[in-house]
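Could you have a look at this one with me? I've put my notes below as numbered points, to be read alongside the picture.

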Amino acid sequence: MIRGGAKLGVALALLVGASSSSAQALTLQQVGPSFANPIYVTSDPVDPERLFVVEREGTIRLVENGESKLFADIRSLVSCCTSEQGLQSIALSPDFAQSGRFFLFYTGEEEPGEIHVAEMHAVGDFASTATLRNLLMIPHPGHANHYGGQLQFGSEGSLFISTGDGGGSNDEEENAQDLGSLLGKLLRIDPDPEGLLPYGIPAGNPFASTPGAKPEIWSLGLRNPFRFSFDRQTGDLWIGDVGQAKREEVDFAPAPWMGTGANYGWNCYEGLEKGPFTDPTCVGSEPSDFVFPVFDYENPPEPGSCAAIIGGYVARGPGYGDLFGRYLYADLCAGDLRSFSPADPFATDRAEGVNVGSLHSFGEDSCGRLYAVSGDGPVYRILGPEAAICPGPAQALSPSFVRIRALSRRVKRNRRAFISAWVSPCNGRRGQPVTLWRGRQRIGTRRLDRVCSVRFRPRIRHRVRFRARVPADATYAEAVSRRLHILILRRHRAR
């Protein structure tokens with residue numbers, strides 16, 4: 001999170017521009033007991049009252065009704081806690097209630113500092129290390145900092161991963177601008193296996209067909225994107241990228257493209273200023289080649305002082321008053337919660353009147369309520385001036401399942417595929433809508449017949465993946481099928 005040599009105990013000086021306080025002060029409510037070096041918090045995708053607190057040494061705690069219990073323990077696999085190493089974050093699959101799947105970002109013990117993105121499965125309230133499956137391992141030699149560390153699912157179902165540039169100063173390994181390296185990037189993968197890989201490459205990844213480029217890359221030119229998030233209302237992408245000696249920055253990528261192929265400039269630029277400019281790619285580049293931050297602030301000039309932005313979330317939860325719709329962020333070295341309006345970040349930046357010492361992360365639950373994680377132990381729910389009333393937990397609904405298959409998974413180009421989907425349980429479901437999706441595109445909707453099945457006949461022009469979705473109703477939870485891959489049947493030439 002922090003550049004080498006920074007001293008954590010020194011407070012951050014004035015950030016930028018406007019410094020007016022919020023008209024409606026926020027308050028903090030501690031959730032659960034004090035934790036051991038907590039670094040991230042999230043919730044069950046359908047039950048915001050089930051919180052998962054990530055502890056850096058390799059444990060995950062489940063918090064319900066103020067009580068904490070062990071959910072997973074991978075300490076034997078984690079290299080911690082030199083500099084910024086350790087378990088950094090988790091992301092629960094959208095179908096966690098049915099599948100128990102979740103994903104982890106940690107630095108490995110076998111090759112200390114190597115980045116691991118792995119999958120685990122929970123049964124009930126516990127996940128055994130026997131279920132762990134490594135998806136992606138990224139070498140990170142030389143330095144024990146700048147790992148990135150965030151996992152988030154996009155609205156289209158892909159898993160996004162942030163990685164740092166490899167550590168040291170000035171991106172000395174020249175990773176951030178190198179399409180042949182997975183460091184200094186935002187990555188996007190399909191966590192389901194495909195072919196020989198333990199994961200798939202989603203359609204639309206911008207460099208999937210670029211010679212010499214890593215197909216997992218979604219965007220590049222990042223120094224240490226420790227935390228990023230998606231606006232739960234709009235799908236917009238927000239990245240807090242930790243700077244070096246000059247600026248801390250917030251990058252923005254609007255939906256639906258969410259920065260596909262964007263180059264955020266490091267080390268040609270640091271924030272809105274010229275950076276070290278040592279990467280060969282910088283020579284001959286133009287400002288138009290890069291996507292500049294929508295907001296940045298100056299590092300304090302005093303000797304020995306530090307700054308490290310902690311990217312947050314756009315407030316969309318209940319009870320936040322005039323914080324609603326504003327981007328909440330902080331700085332590790334100061335701990336003051338601040339926010340700005342996405343419409344005019346510099347002019348609207350303000351303090352929120354709350355300080356969290358050793359603030360290591362923000363979090364968001366499935367109701368949209370926000371959290372602040374102190375590395376000293378406490379995890380706080382951030383409360384606004386109004387009552388935060390969440391709807392009843394969706395897991396009170398009965399689980400629902402959608403299965404999908406094709407008459408043939410190989411189709412001649414421009415011919416139609418015959419795709420069937422069926423929903424269970426069937427009782428009471430007849431006539432409900434089922435939607436077929438191709439990536440982020442909705443193909444069509446059909447109503448369930450008397451045996452709770454539907455049929456689609458999409459035209460196939462290239463290799464593609466489909467999913468079927470049935471919405472929640474008064475009895476059953478929403479369900480989404482696994483991906484169905486349709487390939488193009490290639491003609492064999494006569495010899």
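The points below go through ring pairs, salt bridges and a charged surface patch.

1. Some ground rules first. This is a predicted model, where local features need pLDDT of at least 70, side-chain atom pairs count only at pLDDT 80 or more, and totals for chains, interfaces and linings use all residues. Residues are numbered from 1 along each chain as its sequence is written, and side-chain values use heavy atoms, with hydrogens and water left out.

2. Let's start with the aromatic rings. Rings of Phe, Tyr and Trp (its six-membered ring) pair if their centres lie within 6.5 Å; planes under 30 degrees apart are stacked, over 60 edge-to-face, and the rest tilted. By this rule there are 20 aromatic pairs. Take Trp 238 and Phe 340: their ring centres are 6.1 Å apart and their planes sit at 55°, so this pair is tilted. The two come from distant parts of the chain, 102 residues apart, with Trp 238 in strand S16 (residues 237-241) and Phe 340 in strand S23 (residues 336-340). Strands here are DSSP runs (E, at least two residues), numbered from the N terminus.

3. Phe 340 has another partner in Phe 295. Their ring centres are 4.7 Å apart with planes at 40°, so this pair is tilted as well. Phe 295 lies in strand S20 (residues 295-298) and Phe 340 in strand S23, so the pair ties together parts 45 residues apart in sequence. Both Phe 295 and Phe 340 are buried. Ring pairs join these residues into a cluster whose members include Trp 238, Phe 252, Phe 295, Tyr 297 and Phe 340.

4. Now the charges. Side chains of opposite charge can pair when their charged atoms come close. The whole structure has 24 salt bridges, each a side-chain nitrogen of Lys or Arg within 4 Å of a carboxyl oxygen of Asp or Glu. One of them joins Glu 64 to Arg 50, with the closest N and O atoms 3.4 Å apart. Glu 64 is in strand S4 (residues 59-64) and Arg 50 in strand S3 (residues 47-55), so the bridge ties together parts 14 residues apart in sequence. Glu 64 is partly exposed at 25% relative accessible area, while Arg 50 is buried at 11%.

5. What does Asp 192 meet in a salt bridge? Its partner is Arg 483, at 3.6 Å from N to O. Asp 192 lies in the loop between S13 and strand S14 (217-220), and Arg 483 in the loop between strand S37 (479-480) and strand S38 (484-488), so this pair ties together parts 291 residues apart in sequence. Both Asp 192 and Arg 483 are buried. They also belong to a network of salt bridges, with Arg 101, Glu 119 and Arg 133 among the other members.

6. Arg 469 and Glu 478 form another salt bridge, 2.7 Å from N to O. Arg 469 is partly exposed at 26% relative accessibility, and Glu 478 is partly exposed at 38%.

7. Last, Asp 178. This residue is in the loop between strand S12 (159-162) and strand S13 (185-189), and is partly exposed at 35% relative accessible area.

Terms used:
Helix = DSSP H or I, 4+ residues; strand = E, 2+ residues; numbered from the N terminus. Buried < 20%, exposed > 50% of the residue type's maximum accessible area, 1.4 Å probe, protein only.
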